[in-house]
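Biologist: I'd like to learn how to read the packing in a model like this one. Can we take it feature by feature?

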Amino acid sequence: MSDYKDLYKEKLLKRQNENHTVRKIVFIILLLLTITVAAVITGGYFYIKNILEPVDPDSNKDTTVTIPIGSSTSSIGKTLEEEGIIKDGTAFRYYVKYKNESGFQAGDYELSPSMTMDEIISIMKSGKVMKDAVAKISVPEGIWLEDIAARIAKELDLKQEDVIKKLDDKDYVKALINEYWFLTEDVLQDDIRHPLEGYLFPATYDFEEEPSVEIVVKEMLDKTDRVLTDYRSEIEDRDYSIHEMMTLASIIEEEASAKADRTKISKVFYNRLEEDMILQTDPTVVYARGKQSGEITQKDLDKKSPYNTYTVKGLPVGPIANPGKSSIEAAIEPAKTDALYFYARPSGETLFSKTNAEHNKKVAKYKNEWEEYYKKKEEKKKEE
């Protein structure tokens, strides 16, 4: 009887071990399946997100796209992909089907690689076909408000000083502050040269009817709104105000030549601010001077101005230029680096350093390049 009980217990223990092993194997298989499914879903999400994003968010290029009568969503998607307006024509077709969009109208459309899929769909549904622009204002990245005013004045047959007067009018700016979330009372500080400096988004603006200065400014601020709204939660979570971040973005715009360097340059400035170091960035000196051309002198470096980061600690009182999207993104999402210094060569290369000694060596090594650069620039100016 005892042997029978021992045998029974042995079989029972063996069966329990086998069940445990089976459960373990099933658990591992289910875990692997879960991980695989999650990976596929995550990968699919990011793939779809990437496909639906603009081809080039920073593009100022407009392309004429013709949509013939009777075009299917497949042919429209193929045309948009061929013209470089979207990344994938098939994705366009499925996205339109998913959104249950219809009613696309034939015609010639002015579209840009910077547009989102929803913007493109909205334009083609509205039938807002391309017309000859009666006014076209192109605003490059990094120019000053005075230059923007000159471009507006030239296109609208106005005087530059009258346009600037309108842009600087406090009552007008206060009305804009009430309309746009990113414009704050900071732009009305006494030391600010131009309240809207840094907020008029650089792009090309076409107007089918003769616009007023107010309409032009609204178009520019609406564009700024569209760019900043994508990052509103990140901006509001930061220790720096939107005005400070736009100020930093404007400095990055003036300092960086290569897009890849912008996020690192941004982090260098953040590092210096956290270390309570003076920023010492040359574009602020130029803006404080009020004259864009010419080599920076010691007198310029010593100039007392709320914009000159050689004489004031921290960020300048406001933006020093109008930054593009890549500079705004860099200010919001800086790279990871512990560098505290950078040096830009005339070639466009930016050299980063952790220590002042390392930085000074690079400055000494390449200083003659800038002397030669300014010399050639002055000679070319005389020839013209």
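This is a predicted model: local features need pLDDT of at least 70, side-chain atom pairs count only at pLDDT 80 or more; totals for chains, interfaces and linings use all residues.

Biologist: Which residues touch the most other members of the largest nonpolar core?

Modeller: Numbering runs from 1 along each chain as its sequence is written, and side-chain values use heavy atoms, with hydrogens and water left out. Now the general idea: in soluble globular proteins, nonpolar side chains tend to be buried together. A nonpolar core here is a set of buried Ala, Val, Leu, Ile, Met, Phe, Trp, Tyr and Cys residues joined through side-chain atoms within 4.5 Å. Buried means under 20% relative accessible area, exposed means over 50%, and partly exposed is in between (1.4 Å probe, protein chains only). The largest core has 69 residues, and I152, L183, V217, M220 and L221 touch the most other members.

Biologist: Take M220, then: what is it in contact with beyond its neighbours within four places in sequence?

Modeller: Contact means heavy atoms within 4.5 Å. With those neighbours left aside, M220 meets I137, V139, I148, I152, Y199, L200, F201 and Y205. Another core, of 17 residues, lies apart from the largest one, and I76, L80, F92 and F104 are among its members.

Biologist: On to rings. How many aromatic pairs does a search of the whole structure find?

Modeller: Rings of Phe, Tyr and Trp (its six-membered ring) pair if their centres lie within 6.5 Å; planes under 30 degrees apart are stacked, over 60 edge-to-face, and the rest tilted. The search gives nine pairs. In one of them, W144 and Y287 have ring centres 4.9 Å apart and planes at 75°, so they are edge-to-face. W144 sits in the loop between β3 (135–138) and α5 (145–156), and Y287 sits in helix α12 (residues 282–289), so this pair links parts of the chain 143 residues apart. Helices (H or I, at least four residues) and strands (E, at least two) are DSSP runs, numbered from the N terminus.

Biologist: Are W144 and Y287 buried or exposed?

Modeller: W144 is buried at 4% relative accessible area, and Y287 is buried at 1%. F269 and F342 make another edge-to-face pair, because their centres are 5.5 Å apart and their planes are at 85°. F269 is in helix α11 (residues 262–274) and F342 in strand β5 (residues 341–344), so the pair ties together parts 73 residues apart in sequence. F269 has a relative accessible area of 1%, and F342, at 13%, also counts as buried. Elsewhere, ring pairs join Y180, W181, F182 and Y199 into a cluster.

Biologist: Which charged end sits over the ring of F352?

Modeller: A charge sits over a ring if NZ of Lys or CZ of Arg is within 6 Å of the ring centre and within 35 degrees of the ring normal. Over F352 that is K264, 4.3 Å from the ring centre. R272 does likewise over Y341, at 5.1 Å.

Biologist: Last one: how many salt bridges does the count come to?

Modeller: The rule is a side-chain nitrogen of Lys or Arg within 4 Å of a carboxyl oxygen of Asp or Glu, and the count is 15. R289 and D300 meet at 3.0 Å, N to O; R289 is in α12 and D300 in helix α13 (residues 298–302), so they tie together parts 11 residues apart in sequence. D300 is buried at 11%. D222 and K218 have their closest N and O atoms 3.6 Å apart, and they are four residues apart in helix α8 (residues 213–229), about one helical turn. K218 is partly exposed at 39%. E179 joins K218 and D222 in a network of salt bridges.
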